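Please look over the structure below.

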Amino acid sequence: MQEHCFVIKCGGSTLAALPDVFFIDMHNLQQAGTIPVIVHGGGPAISDTLAKLGIETGFIHGLRKTNEEVLDVVEMVLAGQINKEIVRKIQRFGAKALGLSGVDGHLILAQPVANTAEVGFVGEVTAINATLIKGILAMGYIPVIAPIGLGEDGNQRYNINADTAAGAVASFLGVERMIVVTDVPGILKTIDGVKTVLPTVTVQEIEAMITSGEIYGGMIPKVRAAIQCIQGRVSEVVIVDGAEPEVLSRVLQGSGIGTRIVK
Ligand SMILES: Nc1ncnc2c1ncn2[C@@H]1O[C@H](COP(=O)(O)OP(=O)(O)O)[C@@H](O)[C@H]1O
Ligand SMILES: CC(=O)N[C@@H](CCC(=O)OP(=O)(O)O)C(=O)O
């Protein structure tokens, strides 16, 4: 089964812009036996709801400062609103989908990140319940996963960056490929004054671009997750724009769309 499933990380930045064909593609791929496992974000929706509720928010090195009050909103928006929106959309276009957060079935186990004093209840993944994901796939459902982690005590919740969670799911499942769907056509670099999409980028080039500030903000957790994946068993991570037509089938056909991260 592992050869036939792949991970799609859907960024909150692009969820509203995903065209119908994105979900039609998902159904067709599933029918053909290439089954996606979805891990989604929802950063902008969390920020909107926090603002509506008058709760202050902020980010440190790309991670949201998360106290108990923020954690309640993160769980409500990710595991409730966004997760169910995606499940409904997939089902509307014919495929079967099952939404879960990392809490359900101990799907994502987590521990506090090193700088917990600064960021609060933000977690890093310690284990993924790959057996549960494989069971869901075997029943013919597309798993749709919200990045909330559960502490080793089985009670504490953690807010996990969605790119980090997706990378961990891909690594623990041992899939060949992860597609990171976002709101830019790949990793951009200014060459001769023109913003250009890099077709491939190496780990070394990424480190240099982070140091120079050419890769910043929300792109940093993506490339870090991608590096972790390709240094393990995942052979391909591609960053693409979700608004591009037929983006999933184009990546799977190797059409050279987006940026491929290579060793
Ligand atoms: N070199 C880069 N190339 C492309 N985008 C970059 C780069 N560096 C930083 N970014 C930023 O990363 C953003 C995508 O990350 P983010 O907003 O967190 O999206 P998502 O919600 O999909 O995770 C882009 O919109 C862009 O502003
Ligand atoms: C710890 C942390 O920062 N968690 C993120 C989780 C959502 C996310 O990562 O969403 P995107 O993929 O849309 O950025 C947050 O609270 O915004």
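What follows is a short report on selected features of this predicted model.

## Helix α1

Helix α1 covers residues 20-31, 12 residues in total. From first C-alpha to last, α1 reaches 17 Å. That is close to the 16 Å expected at 1.5 Å a residue. Six names make up its buried set: F22, F23, D25, M26, L29 and Q30. Viewed down the axis of α1, the buried residues fall within an arc of 150°, so they line one face of the helix. An α-helix has 3.6 residues a turn, so residues three or four places apart point the same way.

On the other side of α1, D20 and Q31 are exposed. The buried residues of α1 have several packing partners. These are strands β2 (35-40) and β8 (142-146), together with helices α3 (68-92) and α9 (247-252). Just after α1 comes G33, with a positive phi of about 90°.

## Around ligand 1

The shell around ligand 1 holds 17 residues. G11, S13, T182, G218 and M219 come nearest. By class, nine residues of the shell are polar, six are nonpolar and two are charged.

## Annotated binding site

An unreviewed UniProt entry carries the annotation "binding site" for G42, G43, R64 and N159. These residues are spread over 118 residues of sequence, yet they cluster in space. The largest C-alpha distance among them is 12.0 Å.

G42 sits in the loop between β2 and α2 (43-52). Is G42 buried or exposed? G42 has 26 other C-beta atoms within 10 Å, and 20 or more make a residue buried. G42 therefore counts as buried. Setting aside neighbours within four places in sequence, G42 is in contact with G12, V77, L78 and I82.

N159 belongs to strand β10 (residues 157-159). N159 is buried because 26 other C-beta atoms lie within 10 Å. Leaving out neighbours within four places in sequence, N159 is in contact with R64, T66, L71, V74, F121, V122, G123 and I148. One of these contacts, R64, also carries the "binding site" annotation in the UniProt entry.

Technical notes: Residues numbered from 1 in each chain as written. Chains lettered and ligands numbered in written order. Predicted model: local features only at pLDDT ≥ 70, side-chain atom pairs only at ≥ 80, totals over all residues. Helix = DSSP H or I, 4+ residues; strand = E, 2+ residues; numbered from the N terminus. Expected span 1.5 Å × (residues − 1). Buried ≥ 20, exposed ≤ 12 C-beta atoms within 10 Å, placed from the backbone. Arc of directions from axis to C-beta. Contact = placed C-beta atoms within 7 Å. Near = placed C-beta within 6 Å. Nonpolar A, V, L, I, M, F, W, Y, C, P; charged D, E, K, R; others polar. UniProt positions renumbered as here; feature names shortened; annotations may be inferred.
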